[in-house]
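Subject: Structure for you to look at

Hello,

Here is the structure I promised to pass on. Please open it first, then read my notes beside it.

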Number of protein chains: 2
Amino acid sequence: MGATKTDLFTRQQNDIAGMAKALAHPARIAILQYLVKINTCICGDLVEELGLAQPTISQHLKELKAVGLVQGTVEGTAVCYCINPKTWKQYRELFSKFFDSSVSEGNCC
Amino acid sequence: MGATKTDLFTRQQNDIAGMAKALAHPARIAILQYLVKINTCICGDLVEELGLAQPTISQHLKELKAVGLVQGTVEGTAVCYCINPKTWKQYRELFSKFFDSSVSEGNCC
DNA sequence: TTTATCTATCGCAATATTGCAATTAAGCTA
DNA sequence: TAGCTTAATTGCAATATTGCGATAGATAAA
């Protein structure tokens with residue numbers, strides 16, 4: 001029926017999947033990379049940087065804010081966006097832990 | 001409308017997003033964790049392990065195979081699945097590289 | 001060959017995501 | 001206040017994803 005059956009899985013599994021979902025769009029990757037590159041905060045010239053319409057960028061920023069990867073502060077008429085370092089580190093650790101599960105090279109099918 | 005505008009983004013950005021998309025479902029996370037835990041190959045008792053119907057599991061396995069995270073070999077009537085260590089390492093490195101972009105703690109908005 | 005077992009595919013329904021035009025909301029400046 | 005700029009929200013259309021029943025394909029055993 002189209003909806004993910006989250007109740008079948010552990011909290012951690014849903015967490016990892018949710019984090020991955022936040023990264024599962026090139027526009028959001030581009031936004032994050034841009035924010036990392038610029039370091040200091042940036043507002044909505046993301047609209048210029050990427051080729052997407054303003055409501056679309058706003059939507060992607062909303063999702064990134066929802067998972068805590070990005071912060072926004074109102075600066076006059078503009079909004080200043082930046083990476084949330086705390087969540088960023090959480091993401092790094094979670095993915096790192098997930099992939100560090102040792103995968104044996106040889107005894108595969 | 002409704003389709004991702006992949007042509008607006010770099011190859012790398014689409015790659016990361018594509019990899020993230022493969023992980024963006026708890027069932028696929030659960031499958032990968034199970035395969036890592038069992039180490040040696042496993043077939044479709046994933047259906048028992050997770051509570052999803054056989055066609056649904058098959059679908060998720062297909063996606064994991066499509067991105068190369070999982071291999072399958074026919075073993076009689078069953079199919080033996082396992083992690084593809086090569087792709088697994090590629091994923092780990094890509095995500096690690098992405099998140100290791102240094103995010104400064106202080107000068108945020 | 002027939003039967004049993006296991007997996008893949010098809011087709012469908014329900015839901016989610018993507019993208020944007022139009023509009024609204026909020027703040028600055030004159 | 002009115003006018004301007006910027007961002008968020010709304011509403012819609014197009015597409016993608018999720019999940020499963022039914023079916024088909026492949027192989028082993030009788």
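Let's start with one residue. G72(B) sits in strand β1 of chain B. Bear in mind that this is a predicted model. Is G72(B) buried or exposed, or something in between? G72(B) has 18 other C-beta atoms within 10 Å. A buried residue needs 20 or more, and an exposed one has 12 or fewer. G72(B) is therefore partly exposed.

Which residues does G72(B) touch, once neighbours within four places in sequence are left aside? They are K65(B), V79(B), C80(B) and Y81(B). Now look for K89(B). K89(B) is 17 residues from G72(B) along the chain, and their C-alpha atoms are separated by 18 Å.

**The hairpin in chain B**

β1(B) pairs with β2(B) in the antiparallel sense, over six bridges. V74(B) stands opposite V79(B). Q71(B) has C82(B) as its bridge partner.

**A second residue: I83(B)**

Stay in chain B and move to strand β2, where I83(B) lies. I83(B) has 22 other C-beta atoms within 10 Å. The cut-off for buried is 20 or more, so I83(B) counts as buried.

What does I83(B) contact beyond four places in sequence? Within chain B, the partners are L32(B), L35(B), V36(B), L69(B), V70(B) and W88(B). There is also V103(A), from chain A. I83(B) and Q33(B) are 50 residues apart in sequence, yet their C-alpha atoms are 9.6 Å apart in space.

**Where the chains meet**

How many residues take part? On the chain B side there are 43, in contact with 43 residues of chain A. Several elements of chain B give two or more residues to its side. They are α1 (11-22), α2, β1 (70-75), β2 (78-83) and α5 (85-99). α5(B) gives the most, with seven residues. By class, the chain B side has 26 nonpolar, 14 polar and three charged residues.

**Chain A as a whole**

Now chain A. It has five helices and two strands. Along the sequence, they follow the pattern α-α-α-α-β-β-α. Why is chain A called more spread out than a compact globule? Its radius of gyration is 17 Å, while the globule rule gives 13 Å for 109 residues. The value is well over the rule, so chain A is more spread out than a compact globule.

The C-alpha trace of chain A spans about 55 × 35 × 25 Å along its principal axes. Of its 109 residues, 31% count as buried. Take the contacts in chain A with a separation of 6 or more: 49% of them join residues 24 or more positions apart.

Chain A has a hairpin too. β1 (residues 70-75) and β2 (residues 78-83) of chain A pair in the antiparallel sense over six bridges. Q71(A) has C82(A) as its bridge partner in β2(A). Two residues lie between the strands of this hairpin, and G76(A) takes a positive phi near 70 degrees.

Last, find helix α2 (residues 26-38) and helix α4 (residues 54-66) in chain A. They pack at an angle of about 75 degrees, with their axes 10 Å apart. Angles from 65 to 115 degrees count as roughly perpendicular, so α2(A) is roughly perpendicular to α4(A). α2(A) brings A27(A), R28(A) and I31(A) to the contact. α4(A) brings H60(A), L61(A), E63(A) and L64(A). These residues divide into four nonpolar, one polar and two charged.

Then turn to chain B. Helices α2 (residues 26-38) and α4 (residues 54-66) of chain B pack at about 75 degrees, with axes 10 Å apart. They are therefore roughly perpendicular to each other. A27(B), R28(B) and I31(B) in α2(B) meet H60(B), L61(B), E63(B) and L64(B) in α4(B).

Best wishes

Note on methods: Residues numbered from 1 in each chain as written. Chains lettered and ligands numbered in written order. Predicted model: local features only at pLDDT ≥ 70, side-chain atom pairs only at ≥ 80, totals over all residues. Axes fitted to C-alpha atoms, helices over the stretch in contact; angles between N-to-C directions. Helix = DSSP H or I, 4+ residues; strand = E, 2+ residues; numbered from the N terminus. Parallel < 35°, antiparallel > 145°, perpendicular 65-115°, else oblique. Contact = placed C-beta atoms within 7 Å. Nonpolar A, V, L, I, M, F, W, Y, C, P; charged D, E, K, R; others polar. Pairing = 2+ DSSP bridges. Rg over C-alpha atoms; globule rule 2.2 N^0.38 Å.
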